[in-house]
Amino acid sequence: MAGRLIVVSNRIPTDDNVSGGLMVALHDALGYSGGIWIGAHSETSENTDDIVDLGGTAYRKLAFRLTDEELQNYYLGYANSVLWPLCHRRGDLVEMNSDYQAAYRRVNARVARILSQVIQPDDIVWVHDYHFLPLGAEMRRLGVTNRVGFFLHVPFPSLGDLSVLSQPQEFAADLASYNLIGLQTRADVARCLEMYRADPRAEFMNDGSIKFLDRITSVRSFPIGIDTKGFALEAQQNEQPFGKQAPETFLIGVDRLDYSKGLPNRFKGFAAYLQRRPDGSQPCLVQIAPPTREKVRAYQDITRELEEIAGHVNGSFAELDWTPLRYIHRSVPRARLARLYRKARACLVTSLADGMNLVAKEYVAAQDPEDPGVLILSRFAGAAEDMTQAVLINPYDIEDIARAIDVALAMPLAERKARNAALLQVVEATDVSVWSQNFLRVLKACPADFDFAPFF
Ligand code: GDG
């Protein structure tokens, strides 16, 4: 009998209305093989045994509630104030705290217990992201021998970055509990292998997999993408994305308000471009930046900094009939976003570090092939590894951002078309359905733990 799929992710859809590329891909994969989706519930509870069965038709959804203390120490603490900055090269923002680490381990052990109660012998497990690095190890401790794969959505940290952790050796050991470690890019794979090369407990096999304390683990890149066709269709709807005040020429930026996305430099780069723009032109930058992780200090700081810069840019350049920077600190519905992308002459992605960056792929998919806009893309986003036909920039260099805007807005139609066509090929080749199928195919082909079990 073909086994079921069990997915573990921090976010879990709470109703049948599944939206967003990743959620849709996982929903489809589960719908195909049947199985269980496990994730954190949006509400907290004092009772740590509180598991909510959200039901479901093609597959079952199980949500576990966090206590307030766990939300603080596990989610906002270890996951988002230690691991997130660590993976995004912001060691200066890492908050070391032993309560965070203890809660992180405890929540992962609890999720492993939930999983071990529902898993069947032929099931395979797919664990998502930095919230659950030690989940595989906790499952092995409980005797689970099924194939378990892990996908990291954020950049794999370098050896130097890892040394910020109090026990960096645990990071390597935890990951080695998985049969497959999936990463976004080839550069991520190189950093992961570098970590194991420096670890005396690891041995490299002929096929490139790693033997770590008698277990075999493969490390591969699986660049994530979007639902390309679905997104393109949404972008083609005729409705106006703006109300009455549509700007004539505008650039777009769409990001959770996160310090990894390089928003201050983006605003400064746009201001530097305004200084040198052709006479009489009145371009706008429409920046959508919904709030995220607002209880974490670093996010409060970046929100304040950005408001200050936005005020300064508009104060310096605005005219009675022109507001150059439209900064929207709220979420915009997805369909409207798709139409905004299509109308924008350029899209600015200025991440200082980013696992992939789906906005870059959404922008390309949304373009009119007969009159496409231009993608300006940070070299430090995972997407840049394959999307080489974008106008690539160094987001630390304000002048480089200004230069790129200049190039994008002046780019001749033939060049825009050629670049967009090449970029669309990359977006299609990494469609989110291809991504999930590839990952699961490789995971199923991995040798399982029981293949190495000793004979008695
Ligand atoms: C992590 C990794 C990796 C944003 N604002 C609104 C909105 N969004 C949507 C975008 C896009 C998604 O959120 C953001 O995806 P990104 O990939 O750009 O960035 P992260 O959230 O940091 O995602 C990243 C990703 O995981 C997948 O592996 O690419 O590197 O950091 O889809 O469109 N959507 C709507 N309104 C908004 O205001 N509807």
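Predicted model: local features only at pLDDT ≥ 70, side-chain atom pairs only at ≥ 80, totals over all residues.

Modeller: Happy to! Let's start with Ile-181, whose bridge partner in S10 is Val-219. In general, strands of a sheet pair through backbone hydrogen bonds, either parallel or antiparallel.

Now step back to the sheet itself. S7 and S10 sit side by side in an open sheet of 10 strands, ordered S3-S4-S2-S1-S5-S6-S7-S10-S9-S8. The pairing across this sheet is mixed. Its edges are strand S3 (51-55) and strand S8 (202-204), each of which pairs on one side only. From one strand to the next, the twist averages 20°.

There is a helix to look at here too. Helix H15, residues 432-445, lies across S7 and S10 as well as strand S5 (124-128) and strand S6 (147-151). Relative to S6, H15 runs at about 145°.

Finally, the wider setting. The protein chain holds 15 helices and 16 strands, and 46% of its 456 residues count as buried. Among contacts with a separation of 6 or more, 76% join residues 24 or more positions apart. The C-alpha trace spans about 85 × 45 × 45 Å along its principal axes. The radius of gyration is 23 Å, which agrees with the value near 23 Å that a compact globule of 456 residues would have.

Terms used
Residues numbered from 1 in each chain as written. Helix = DSSP H or I, 4+ residues; strand = E, 2+ residues; numbered from the N terminus. Rg over C-alpha atoms; globule rule 2.2 N^0.38 Å. Buried ≥ 20, exposed ≤ 12 C-beta atoms within 10 Å, placed from the backbone. Contact = placed C-beta atoms within 7 Å. Pairing = 2+ DSSP bridges. Axes fitted to C-alpha atoms, helices over the stretch in contact; angles between N-to-C directions.
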